[in-house]
Amino acid sequence: MSTLVPVPQPPGYPLIGNIFDIDPQAPAASFERLAAEYGEIYSVNILGTTFIAVSSQKLAEEVCDERRFHKSVADGLEEIRALTGDALFTAYHGEENWGIAHRILLPAFGPASILGMFDEMYDILSQLVLKWERFGPKHAIDPADDFTRLAFDTIALCAMSYRLNSFYTEGVPPFVEAMGSFLKEAGARPSRPSLIQRMMRKTNAKYEADQKRMMDLAREIVDDRKANPSDRKDLLNAMLNGKDPVTGKALTDLSIMQQMITFLIAGHETTSGLLSFLMHFVIAHPAVYAKLRAEVDAVVGTERIRPEHLPRLTYMNATMRETMRLKGPIPGIGVKPMQDEVIGGKYFIPKGTDIFVMASVIGLDPAVYGDDVNEFRPERMLDGKFEALPPKAWLPFGSGTRACIGRAFAWQEAQMAIATLFQKFDFRSANPEYKLQINETLTIKPKNLRIYAIPRKDTTFSLGLAPTRGVLKAPIASTEVISDAAVKLQPLYVLYGSNTGSCEAFAQRFATAAPSYGFRATINTLDSVASSLPTDGAVVIITASFEGEPPDNAGHFFKFIETVPGDNAPFSNVRYAVFGCGNRDWVHTYQRVPKVVDATLEAKGAERLLERGEADAGGEGFFQSFDDWEAKLWPILAKTFGAVAASGAEAGLDITLSPPTQRASTLRQPDAQLGTVLANKLLSKPGGADKHHVELQLPEGMTYRAGDYLAILPSNPASSVKRVLTRFKLSPEQEISISSSAPTTLPIGRPINVSDLFSGYVELAQPATKKNIEALLHYAPKSGRTRNGLETLLTAYVPAVLEKRISVLNIIETYPDIDLPLSVFISMLPAMRVRQYSISSSPLWDPSRVTLTLGILREAAVADSRELFQGVASTYLAGLSNGDRVQLAVRPSSTAFHLPADPATPIVMFASGSGIAPMRGFLQERAAQKAAGREVGKALLFYGCRSPSIDFLYGDAELKDWSAQGVVDIRPAFSREVEKSEGCKYVQDRVLHDREDIIVAFEQGAKFYTCGSGRVAAGVKASCMTIISDLIKLKGTVWKAKTDNIYPDVNTAEEFWSKLLHERYAADVFG
């Protein structure tokens, strides 16, 4: 017999136990965090009550064995019994009424009965479609809210022949509001001491009022049916007229009302949660979106959905299953052992212990689904893979005899909704930067998710009603500013794909200049042009390529143009030009996306106006490349479209200054939320560049994973703002009003304080472009020192401007006789960009807080500048104090740059300087898991800095502790004290020195990560290539035989490195 081991448990406090480990607003997220920390099983004590959570498929298979365990009704479910009593969802094990109701209702939920509800389901679905169509493509829809209405109304009509008419009600329908409030409170009550609960009189009164409201509606429906009998074969008649075939008993009126409320609670949550999460995942994955839409078009076409269509929608079913694997609406189910049990061969579970089977985590079990468990990949549910899953690996509908009786009802309703909505609409995220947030009651739904529903132009499908006039014309969320002077301007569409903001900035510059050349510009993302490109004006596409993949806001467009058949492509009248941004460091994928877009559009019938332009972000001419391409394009556009250029360099921008007594707050980017600074400390010692550790409180509902980024919206240094005010003789008290005939990121139509404008809306330190200098010549004296100086800057642009980082502000300070209007200066400045920093913490440390580890950029003065060159964001962050509010947003890193799903997988990390940030987060997570008793793989950290006494970040703190705990093996490289790092000066030197350990880690299946400058990444690659080359030469050796098993048919170091890049290596390169 195996030796028994205790079930792991977080340390708690007397009497209250682990109550502080559970967030009452997000208990499911708390349990998931504990599972990540303690592994497949752990125990929690809440106010003296102990329960056990299991989160692996193997243990779930055991505890869902109904010969040994039965359903448990505890915590939130037990609270719901106050309303639903012994109904199907909340009955205790063995209660007679559950058996009576189950046997009476089971036929009513059979396949034939569900099929008979098809037309009524479509009736309610058509109300949703009409609502979204009439809202139009610019309305940001809350899908969770509307899918809740859909589910409620569908259940009420199909089950009870009662119309709630939620789609015709302003605000939240009273019954829905009462149910949401009731469920939220039911979930919160188990974590409150009974004395405190009794003292919460208003909360208790609301709880009782909510129950009364729901029960009153159920009673009204039952009384109406009894007063007006019908022969409808719905659930209500089944309950009113049915007899249990075993006992001969019928259901009481009270039981019927409790069952009806149960249907509404359980049924609406399943369907609305599934549909809401599916919308998020599908929109976020363009390849999935394209496949799903193509299947709907192929199977259903322009017909109204019919029952025979449903089984043929195999890919759609796979997306539904994959959605419920990742985010099933129920966090888990409860069971109890019938007698003392031992599970997993080593964990003793006493009889009657409540066990929480964590369905939400079991769906992420890497032993079942592989290392990519966190990725949305419907293919894992196709071709028999779903049917081949081991038992209890997929539990969104519960398990066994107490599983959801209405599963077929919810599935058919969701299938019909997805197919019909994708027939009718194209969908885009209203916020491309949205990161999934969770709203918890007893179940979960997406929080703050907003989407656009754009009526499709390429289909004749309708619900049998005339389409709403006017909603099919405009693309979503586009920015178009039209003034009286713009009526004669020619239309121009500027479309961009951008993750980092560079392409968006270029697009904004192009659109801002448009009125000067006779055009009215509309600027938007590439994903905004759903399935078609405009044909009434020029289309200018500016997009980037990230490791060969399109930006987040261009993925749908990219997939569409690739997959639309050439003979049916709607591009024959499109006239376009493409400019691409990339980085030549990614040699194999440089400019891939712009090249594909350009070539595909031409091959499928569009007319190219100018050869594709390109800019290398790693080169010296990044901005100049765009200026040169733009200068060639404008004359072509003017000639092709007959546009007449406006005169004067100030065209398109007009300003008026307000009296210097008014002030206004700065308008910030809408996708960022406010976080709070909790700590800001200097990590490095004198003698090295400043390195800071900043700790921030996240806004409510914002979550992250170790390895993610934190996007910060900074402000320019106060000294830089003061220089602008001095140069233009402005008072800090003055306000400015801006109007523009072109799209702009500047605050328009309202006064704003000049300091706020120059602090938060524009970049002051970016190097001047050649185009900027040419514009300055227009306002410079016709001869003399200033003109000669500007001409010299143009002639020797790279060494004189780019390399010295000379900004427009530097130039006009150096040459004060440049008579530059304030409006022209503002129009020259690019919009303030967010900066992304790698998060240096793990949510297992604290899910509501993040830390950043960053270097502060301050360098010698450039040219005649009166101040140091300062990094805008790093200077901003370094100056923050405790309590300061910061505009921020979590941005997910690439899929590969996260820890392996299995913590036992070894990892090897290469970093230098502040590149240690994500590695610290990884190690913090591994340390928490190890402390919780989980097996963690070996971690090797190769870290480069100057000296152990100057900038060995966290060396005397966490790294020292984690090393002592066996979490990490640190291999430093000290460039100023090589004698203390085995004679190794840089990280790449230490890699070669410790090559044997790297080889062993590779053989053990390790994953590799690099974070640092491009120089560090190149050095690490060179050292690894050396190791690989030397080993590949050893033909016939044991190591070669091992690698043949891993990478067959690989014979060169380049081939080996390419395989490693795709499968086991991730890099985060900056600078």
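Q: Which residues in helix 14 do Val288, Lys291, Leu292 and Glu295 in helix 13 meet?
A: This is a predicted model. Contact here means heavy atoms within 4.5 Å. On the helix 13 side stand Val288, Lys291, Leu292 and Glu295. Their partners in helix 14 are Thr314, Tyr315, Met316 and Thr319.

Q: How do the residues of the contact of helix 13 with helix 14 divide into nonpolar, polar and charged?
A: Val, Leu, Tyr and Met count as nonpolar, and Lys and Glu as charged. The division is 4 nonpolar, 2 polar and 2 charged.

Q: Is helix 13 oblique or roughly antiparallel to helix 14?
A: Helix 13 covers residues 286–299, and helix 14 covers residues 314–327. Their axes lie 8 Å apart, at an angle of about 140°. Only angles over 145 degrees count as roughly antiparallel. Therefore helix 13 is oblique to helix 14.

Q: At what angle do helix 3 and helix 12 pack?
A: Two packed helices are described by the angle between their axes and the distance between the axes. Helix 3 spans residues 75–84 and helix 12 spans residues 253–284, with axes 10 Å apart. Helix 3 is oblique to helix 12. The angle is about 135°.

Q: How many charged residues are in the contact of helix 3 with helix 12?
A: Helix 3 brings Ile80, Leu83 and Thr84. Helix 12 brings Gln258, Ile261, Thr262 and Ile265. They divide into 4 nonpolar and 3 polar, with no charged.

Q: Which three residues supply 70% of the area that domain 1 buries against domain 3?
A: The centres of these domains are 51 Å apart. Together the two domains bury about 480 Å². On the domain 1 side, the three residues are Lys435, Gln437 and Lys447.

Q: How many salt bridges does the rule find across the interface of domain 1 and domain 3?
A: The rule asks for a side-chain nitrogen of Lys or Arg within 4 Å of a carboxyl oxygen of Asp or Glu. Across this interface, the count is 0.

Notes:
Residues are numbered from 1 along each chain as its sequence is written. This is a predicted model: local features need pLDDT of at least 70, side-chain atom pairs count only at pLDDT 80 or more; totals for chains, interfaces and linings use all residues. Side-chain values use heavy atoms; hydrogens and water are left out. Axes are lines fitted to C-alpha atoms, for helices over the stretch in contact, and angles run from 0 to 180 degrees between N-to-C directions. Helices (H or I, at least four residues) and strands (E, at least two) are DSSP runs, numbered from the N terminus. Angles under 35 degrees count as roughly parallel, over 145 as roughly antiparallel, 65 to 115 as roughly perpendicular and the rest as oblique. Domain bounds come from an automatic or database domain assignment. Buried area is the accessible area (1.4 Å probe) that two parts lose on being put together, summed over both.
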